[in-house]
Amino acid sequence: MRLSSMAAAAALAVVSLSTSLSGQRPDTQIDARSLQLLEQGRGLKAAGNLDGATDVLETAVAVDPRNRGAFILLAEVADARGLPGKAIRLYREALLLDPNDTHALRGQGEALVQKGAITRARDNLAKIKTLCKQDCADATALSALIAKGPPVTTAQVETKGTAKP
């Protein structure tokens with residue numbers, strides 16, 4: 001009696017496991033709606049509509065969170081808006097999906113340089129060089145930006161006409 005209930009439980013576990021595995025899509029297959037939204041976001045970014053591009057690309061990521069291209073384009077939009085911290089986070093999301101994406105590594109490295117994190121940007125450059133094996137555009141562009149260094153920012157002081165001579 002005890003053996004038959006254990007066998008029934010094991011059989012039920014095997015059936016439920018195989019059912020759940022057969023219902024999942026492979027990682028390489030991205031939802032077509034998400035890809036369509038990605039293309040729409042590219043068009044909006046090219047037209048200069050960064051707000052619209054952000055909205056459409058966030059929807060693309062919500063439809064299919066495995067859409068690495070949407071994360072990269074969102075990061076590029078964040079960078080265009082002057083938000084390197086957000087760009088770094090979005091590139092990290094893309095790199096979680098494919099750690100060997102040299103475009104995402106370069107973009108994250110450029111955003112890191114903007115934030116002044118030169119050491120971490122050099123780590124990205126080293127990984128790109130390891131992946132490329134030869135000279136590649138991503139390594140060259142990031143290397144040049146690292147050599148240039150982070151942008152110099154100055155504090156802007158607002159002056160009002162209330163100063164007395």
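Modeller: Happy to. The largest nonpolar core has 34 residues, and Leu57 and Ile146 touch the most other members. Such a core is a set of buried Ala, Val, Leu, Ile, Met, Phe, Trp, Tyr and Cys residues joined through side-chain atoms within 4.5 Å; buried means under 20% relative accessible area, exposed over 50%, and partly exposed in between (1.4 Å probe, protein chains only). This is a predicted model, where local features need pLDDT of at least 70 and side-chain atom pairs count only at pLDDT 80 or more, while totals for chains, interfaces and linings use all residues. Residues are numbered from 1 along each chain as its sequence is written, and side-chain values use heavy atoms, leaving out hydrogens and water.

Two or more residues of this core come from each of helix H2 (32-46), helix H3 (50-63), helix H4 (68-80), helix H5 (84-97), helix H6 (102-115), H7 and H8. H4 gives the most, with eight residues. The protein chain as a whole comes to eight helices and zero strands (DSSP runs numbered from the N terminus: helices are H or I, at least four residues, and strands E, at least two). Of its 165 residues, 32% count as buried.

Start with Leu57. Beyond its neighbours within four places in sequence, Leu57 is in contact (heavy atoms within 4.5 Å) with Leu37, Leu38, Gly41, Ala70, Leu73, Leu74 and Val77. Several of those names come back where H2 meets H4: that contact is made by Leu38, Gly41, Arg42 and Lys45 of H2 and Gly69, Ala70, Leu73, Glu76 and Val77 of H4, in a left-handed crossing. A crossing is left-handed if the near helix is turned anticlockwise from the far one by less than a right angle, and right-handed if clockwise. The axes of H2 and H4 come within 10 Å and cross at roughly 20°, which makes H2 roughly parallel to H4. Axes are lines fitted to C-alpha atoms, for helices over the stretch in contact, with angles from 0 to 180 degrees between N-to-C directions. Angles under 35 degrees count as roughly parallel, over 145 as roughly antiparallel, 65 to 115 as roughly perpendicular and the rest as oblique.

H4 also holds Ala78, which counts as buried at 4% relative accessibility.

Now to Ile146. It belongs to the contact of H7 (residues 118-132) with H8 (residues 137-148), whose axes lie 9 Å apart at an angle of about 160°. That makes H7 roughly antiparallel to H8, and the crossing is left-handed. On the H8 side, Ile146 is joined by Asp138, Ala139, Leu142 and Ser143; H7 brings Ile118, Ala121, Arg122, Asn124, Leu125, Ile128 and Lys129. By class, the contact of H7 with H8 has seven nonpolar, two polar and three charged residues (Ala, Val, Leu, Ile, Met, Phe, Trp, Tyr, Cys and Pro count as nonpolar, Asp, Glu, Lys and Arg as charged, and the others, Gly among them, as polar).

H5 and H6 pack with their axes 9 Å apart, at about 155°, and are therefore roughly antiparallel. Their crossing is left-handed too.
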